[in-house]
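Subject: A structure to look at

Hello,

I promised to pass this structure on to you, and here it is. My notes on what turned up follow below; please read them with the model open.

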Amino acid sequence: MSITDKKRYTITSALPYANGPLHIGHLAGAYIPGDIFVRYLRLNQKDVVYVCGSDEHGAAITIKAKKEGITPREIIDKYNQQIKESFEEFGISFDIYHRTSEPVHHQLSQEFFLNLYNKGEFIERFSEQYYDEEFHQFLADRYIVGTCPNCHSEGAYGDQCEKCGTSLSPTDLINPISTLSGKTPVLKETKHWYLPLDKYQPWLEKWLIEGKKDELKSNVYGQCLSWLKSGLQPRSMTRDLDWGVDVPLEEAEGKKLYVWLDAPIGYISATKQWALDNGKNWEDYWKEQPDPEDNSCLIHFIGKDNIVFHCIIFPAILHAHGDYILPENIPANEFLNLEGDKLSTSRNHAVWLHEYLQEFPGKQDELRYVLTSILPETSDSEFTWKDFQARVNNELVAILGNFINRVMVLSHKYFDGKILSGSDLQDEDKQVFAELKKYPEQITHSINQYRFREALAQFMNVARLGNKYLAEAEPWKVIKTDEERVKTVLNVSLQIAANLAILAQPFLPKTATKLFEMLNLPQQDWERAGEENLLKDGHELGEVQLLFDKITDEQIDFQLEKLAAAKVNNAKVATPAVPAKENVTFDEFMKMDIRIGTILTAEKVAKTKKLLKLTIDTGIDQRTVVSGIAEFFAPEDIVGRQVSILVNLEPREIKGITSQGMILMAEDADGRLDFVQPSTTIKPGSSVR
């Protein structure tokens, strides 16, 4: 049985943290693949619910709140709204975008915990946990960073190294540091409730490794196998935090549920809310049914960093509960890089979705197309702005857009926009239709295997088929001698265009809608793809529109300059200040005579790049100073500027010029210089103390 032969579908995409905006790495990891699959299911008239929502608990939220000096509630309200609006404008077709801060979610998460607690599934354990003595707070996993014991990279978190993907415990880190105080934390005893993953290892090996070996993507299977070979250990399901879902036990006052217990339950609570809003029964989509054939097909679309939680921890929780279905598949994607470097929120090295939507209005499908064509399905891939431009201009514009525009323009020009049957089909027409019929099945097979890059490429091959057919038929030449043949050629071409409209719907939904409007054709279900008579004889076409515009060099240059500027800013922030020099006595300092002076003249020193010859009014006299600032200041721009000048520096000959003094300059991390000067005009000769 094919995955898309099931009766009912529950599709999820990873819950994004509500502590920052979305970027293209998020889209390529969990959201575009999920959306393509869901749109395809709907086109096949499947009963499907597609759920997502903001993950609004955990250390990431509180860390962000502390940095910005506001409450966690203010953080989640701000970013939940921004993320939700970005998804809507971009066209990700969730049935509901929910929030884990909602009461229905807190209640369901606590019910899950109590179910496992009452069954005796948890291990109660006292353990030593890192504690920040300055902030008087136990430190959750993400409040601790250090050196990864596996790959030895810096900045690994207390639960996972994002560089190598290894799952960690805080005590595994080398040289741990609290992200709150920046100091080394101490170990302090606390009580928590642990899920004995080691107890479930035999079951996980049978269900996951044996049962899904031929279903899981190679990257997912490999990571799961590595985890299980290493041996699972009990994992704490509670945390000492002041933000999150309360642990529903009297003895656990002040403790919260571990975010990776409550976050995936967010899929279920979102479905409960959707069902309540739409008169549905949420249990149909999550609970085991009397007849297993009636169980919903659960599929999680996620990124690489969430594999362990969705393949091991959440299934173990569902299994321990006993009433819930388990995922059929977890098609996780690897990481998307940007311009030769890892995407980084902290370094602002990203293409932010909300900024893209502002800077490329109406071009949602262009980004969907490019990201789909480079999805990191089994290995990391890379987005570059030049490649984005090339794919849009050379593929969407030159292949798909060009074919549609030519056939529409010619149909309006020759036959007033009407579909006419013309003469009988020739062999080349029949051959085109025979080839056309193959593509829907090929695309279907690729989608069923979660090979969306491959499916998109097959879709574009349909456009190439149309271009090749039209170019070889040359209706613009044949019209002079055989009008009936031209009617047939344009009819065949328009049938290809109608098929493109159907096939585009999962990948390029806005483009598909525009194409249906141009063809004056209602949107069609997937089962009609491949038909050669979608447009009937005498059918009138709509108005011609351009499907796509070219991306300009100026647009690309602007984006590259943004990334370059972010890199410069990061370098400035990251570069530490030069250490202080050795102490001097007050008497030694007082020997320096620093005055305010005014530059009277300035000129370049011949045969040098860096030197300017300045005449400065020091209030004491007018003297010559040679200064190495020519790379940063033009002579004509600094005449009249006031400067701080050391007037009792021993004179020195530079390039044959006697220099009497030194101008004080500030130098930044990039080596750029600027004047140290008063904020208002001061009489020359005034002392700097």
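Helix H6 (residues 218-230) has 13 residues, and at 1.5 Å a residue they should span 18 Å; its end C-alpha atoms are 18 Å apart, so the two values agree. The expected span here is 1.5 Å times one less than the number of residues in the helix. Helices (H or I, at least four residues) and strands (E, at least two) are DSSP runs, numbered from the N terminus.

Before going further, a word on the source. This is a predicted model, in which local features need pLDDT of at least 70 and side-chain atom pairs count only at pLDDT 80 or more, while totals for chains, interfaces and linings use all residues. Residues are numbered from 1 along each chain as its sequence is written, and side-chain values use heavy atoms, with hydrogens and water left out.

Back to H6. The buried residues in this helix are Asn-219, Val-220, Tyr-221, Gln-223, Cys-224, Trp-227 and Leu-228. Buried means under 20% relative accessible area, exposed means over 50%, and partly exposed is in between (1.4 Å probe, protein chains only). An α-helix has 3.6 residues a turn, so residues three or four places apart point the same way. The cover over the buried residues of H6 includes helix H5 (197-210), strand S10 (235-236) and helix H9 (307-321). Just after H6 comes Gly-231, with a positive phi of about 90°.

Now the whole chain. The protein chain holds 20 helices and 25 strands, and its C-alpha trace spans about 100 × 85 × 40 Å along the principal axes. The domain assignment, which is an automatic or database one, gives domain 1 (6-119 + 193-332), domain 2 (405-538) and domain 3 (584-685). Between the C-alpha centres of domain 1 and domain 3 there are 63 Å.

Of the 689 residues in the protein chain, 53% are buried. Among the contacts (heavy atoms within 4.5 Å) with a separation of 6 or more, 73% join residues 24 or more positions apart. The accessible surface is about 31,500 Å², and carbon and sulfur atoms account for 47% of that; the areas come from the Shrake-Rupley method with a 1.4 Å probe, and for residues only the protein chains shown count as cover.

As for charge, there are 77 positive and 102 negative side chains, and the centres of the two sets lie 4 Å apart. Lys and Arg count as positive and Asp and Glu as negative, without His and the chain ends; each charge is placed at NZ of Lys, CZ of Arg, CG of Asp or CD of Glu.

Some single residues are also worth a visit. Which residues does Tyr-258 touch, leaving aside its neighbours within four places in sequence? They are Asp-141, Arg-235, Ser-236, Met-237, Thr-238, Arg-239 and Phe-309. Tyr-258 sits in the loop between strand S12 (256-257) and helix H7 (259-278) and counts as buried because its relative accessible area is 3%. Its C-alpha lies 4.8 Å from that of Met-237, although the two are 21 residues apart in sequence.

His-349 is in a loop too, between strand S15 (341-342) and helix H10 (353-359). With a relative accessible area of 11%, His-349 is buried. Apart from neighbours within four places, its contacts are Leu-338, Asp-341, Lys-342, Leu-343, Ser-344 and Leu-563.

Ser-411 belongs to helix H12 (residues 385-415) and is buried at 1% relative accessibility. Not counting residues up to four places away, Ser-411 touches Asp-416, Gly-417, Lys-418, Leu-490, Leu-494 and Leu-541. Gln-495 is part of helix H16 (residues 483-504); its relative accessible area is 0%, so Gln-495 is buried.

Finally, is Gln-45 buried or exposed? At 56% relative accessibility, Gln-45 counts as exposed. Gln-45 lies in the loop between helix H1 (24-43) and strand S2 (47-54), and its phi is near 60°, a positive value in a residue other than glycine. Lys-607 is not a glycine either, yet has a positive phi of about 65°. Lys-607 is found in the loop between strand S17 (594-604) and strand S18 (612-617) and is exposed, with a relative accessible area of 87%.

Enjoy exploring!

Best wishes
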